[in-house]
Amino acid sequence: MQILKGHWQLILITLVLFLFWNTVFVIPLKILIVYLHELAHALAAILTGGSVDEISLSPNQGGHVIARGGNRFITLTAGYLGSLLFGVALLLLALKTEADRMVLGVLGGLTLVVTALYIRDWFALAFCLATGIAMLAAARYLSVQANDLILRVIGLSSILYVPYDIFDDTIRRSGLRSDAYMLAEEFGGPTVFWGGLWLAASLAIIYYCLRHGLGENSNMSFSGKRKSED
């Protein structure tokens with residue numbers, strides 16, 4: 001009960017996201033999570049010795065990465081779980097630290113670097129440029145509390161979206177050419193097996209975040225955390 005009291009704002013954000021989930025207002029957030037998904041693929045490819053030729057996004061919340069080399073198993077697995085870990089990290093950094101401006105500024109700067117290096121199509125170019133510039137502007141001109149709120153919204157959106165996306169792409173529509181479908185093609189097993197593993201892993205990560213991230217120092221919520229103004 002104390003956790004719920006200390007994190008009333010997180011509950012409110014979650015309720016608002018659910019209320020507007022299927023409206024146009026949340027589409028930019030969903031595309032941002034798709035960007036984090038593709039970014040996780042790209043980072044996995046690079047960190048396992050490969051290279052990235054292109055990152056693409058589409059208005060219908062799709063995307064792809066064209067990569068060469070690297071560990072294929074890790075790269076395919078990194079998409080859903082990587083974007084979830086991005087979301088968890090952003091949420092916990094907002095909750096536990098006062099580095100909100102720096103975190104949002106780094107994310108905005110990273111987005112612009114990724115845009116310059118890997119974005120080729122016009123929609124992804126416009127979206128990532130606008131997102132990166134908006135994040136940098138928010139980090140520079142908005143209050144620490146506003147930056148904190150932005151990080152919480154992005155983090156919670158990813159935490160909510162990823163398990164649903166895994167279920168929808170790999171279990172409910174197992175014939176869709178998803179990451180799990182390609183993993184099944186290349187390493188064996190049915191699509192729903194890999195999707196089920198990712199879904200279980202995502203729920204375990206979320207449970208750990210809720211239990212250990214929100215359960216400790218719950219007085220550091222938006223309503224109680226003191227943040228100094230620059």
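Partly exposed means a relative accessible area between the 20% limit for buried and the 50% limit for exposed. Arg-72, at 38%, is therefore partly exposed. The model described here is predicted.

**Salt bridges**

The count comes to seven salt bridges. Three of them are tabulated here.

| Pair | Closest N to O distance |
|---|---|
| Arg-68 and Asp-53 | 2.5 Å |
| Asp-168 and Arg-172 | 2.6 Å |

Arg-68 pairs with Asp-53. Arg-68 sits in strand S2 and Asp-53 in strand S1 (residues 51–57), so this bridge ties together parts 15 residues apart in sequence. Arg-68 is exposed, at 54% relative accessibility. Asp-53 is partly exposed, at 26%.

Glu-186 is partly exposed, at 40%.

Asp-168 and Arg-172 both belong to helix H7; they are four residues apart, so about one helical turn separates them. Asp-168 is buried at 8%, whereas Arg-172 is exposed at 54%. Both join Asp-169 and Arg-173 in a network of salt bridges.

**Largest pocket**

The largest pocket holds about 740 Å³ of space. It is lined by 33 residues, and His-37, Glu-38, His-41, Gly-63 and Asp-179 are the closest to its centre. The lining comprises 12 nonpolar, 12 polar and nine charged residues. Helices H3, H4, H7 and H8 and strand S2 each supply at least two lining residues.

Terms used:
Residues numbered from 1 in each chain as written. Predicted model: local features only at pLDDT ≥ 70, side-chain atom pairs only at ≥ 80, totals over all residues. Heavy atoms only, no water. 1 Å grid on protein atoms, 1.4 Å probe; cavity = no way out; pocket = protein on both sides within 12 Å on 5 of 7 lines; lining within 4 Å. Points joined across faces, edges and corners; volume = space filled by probe spheres on them. Nonpolar A, V, L, I, M, F, W, Y, C, P; charged D, E, K, R; others polar. Salt bridge = Lys/Arg side-chain N within 4 Å of Asp/Glu carboxyl O. Buried < 20%, exposed > 50% of the residue type's maximum accessible area, 1.4 Å probe, protein only.
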